[in-house]
Amino acid sequence: MQEKSNFFEKVYAVAKLIPFGRVTSYGAIAKYLGTPKSARMVGWAMNSAHGKPEIPAHRVVNRIGLLSGKNNFASPTLMEDLLKSEGLTILEDQIQNFKSHYWDPTEELHLD
DNA sequence: GCAGTGACGGATA
DNA sequence: GTATCCGCCACTG
C-alpha cells in the first residue's frame, strides 16, 4: 500500500525505536525527520498511532516533559501510569528529571 | 475548495 | 522573564 504520508511512517519508526525507560519530545522527532517546525504533525501522527500498540506514544511528550497528550489516551492516567511503570517519575502530569531520561533520536540514532 | 484546528516549538515583543 | 504570534503539514467541517 502506498503511504499517503511518509511523515507519519517516520514518526512511527522513531517512536518504536525509543528504548525502555526513555522519553523524547515531538520536536526531537520532527527534527530527526528534518522538519523541526512540524512538531505538531508528530503529535498528530501519534494520534493515528492509536491503532498501533507497538508505538509507545506515552514515551513521547512535549519539550518540557509535560504529558500534553495524556488526555488523548484511552485514559488520562494511562500515560503517566505507563511511564511510571518504566521507572520514571511523574508529578502533576510532568516527567521529573525528564532531561535525564530524554532520548534524542538525532543523537542516539547517529543521523547519517 | 476554503478555513479552522491540532498530543509543539521557536522567535519576537 | 513572561506573553503572544507565526510556522509546519495533515485532517475535518
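These legends go with close-up views of a predicted model, taking the aromatic pairs and then the DNA contacts.

Local features here need pLDDT of at least 70, side-chain atom pairs count only at pLDDT 80 or more, and totals for chains, interfaces and linings use all residues. Residues are numbered from 1 along each chain as its sequence is written, chains are lettered from A in the order in which they are written, and side-chain values use heavy atoms, with hydrogens and water left out.

**View 1. Phe8 and Tyr12 pair up edge-to-face.** Searching the whole structure turns up 2 aromatic pairs (rings of Phe, Tyr and Trp, the last by its six-membered ring, with centres within 6.5 Å; planes under 30 degrees apart are stacked, over 60 edge-to-face, the rest tilted). In this one, the ring centres of Phe8 and Tyr12 sit 6.3 Å apart and the planes meet at 85°, so it counts as edge-to-face. Both residues belong to helix α1 (residues 6-17), and because they are 4 residues apart there, about one helical turn separates them (helices are DSSP runs of H or I, at least four residues, numbered from the N terminus). Phe8 is buried at 17% relative accessible area, and Tyr12 is buried at 6% (buried is under 20%, exposed over 50%, partly exposed in between, using a 1.4 Å probe and protein chains only).

**View 2. Phe98 and Tyr102 make a tilted pair.** Here the centres are 5.4 Å apart, with 55° between the planes. Phe98 is buried, with a relative accessible area of 9%, while Tyr102 is partly exposed at 28%.

**View 3. The protein surface near DNA strand B.** By type, the surface has 6 nonpolar, 9 polar and 2 charged residues (Ala, Val, Leu, Ile, Met, Phe, Trp, Tyr, Cys and Pro are nonpolar; Asp, Glu, Lys and Arg are charged; the others, Gly among them, are polar).

**View 4. Backbone atoms that meet DNA strand B, including one from Gly43.** A polar backbone atom of Gly43 is 3.0 Å from a base nitrogen, and a backbone N or O atom of Asn47 lies 3.3 Å from a base nitrogen. At Arg63, a backbone N or O atom is 2.8 Å from a phosphate oxygen.

Definitions and conventions:
Helix = DSSP H or I, 4+ residues; strand = E, 2+ residues; numbered from the N terminus. Near = heavy atom within 4 Å. Polar contact = N/O pair within 3.5 Å; in protein donor to acceptor, adjacent residues only side chain to side chain.
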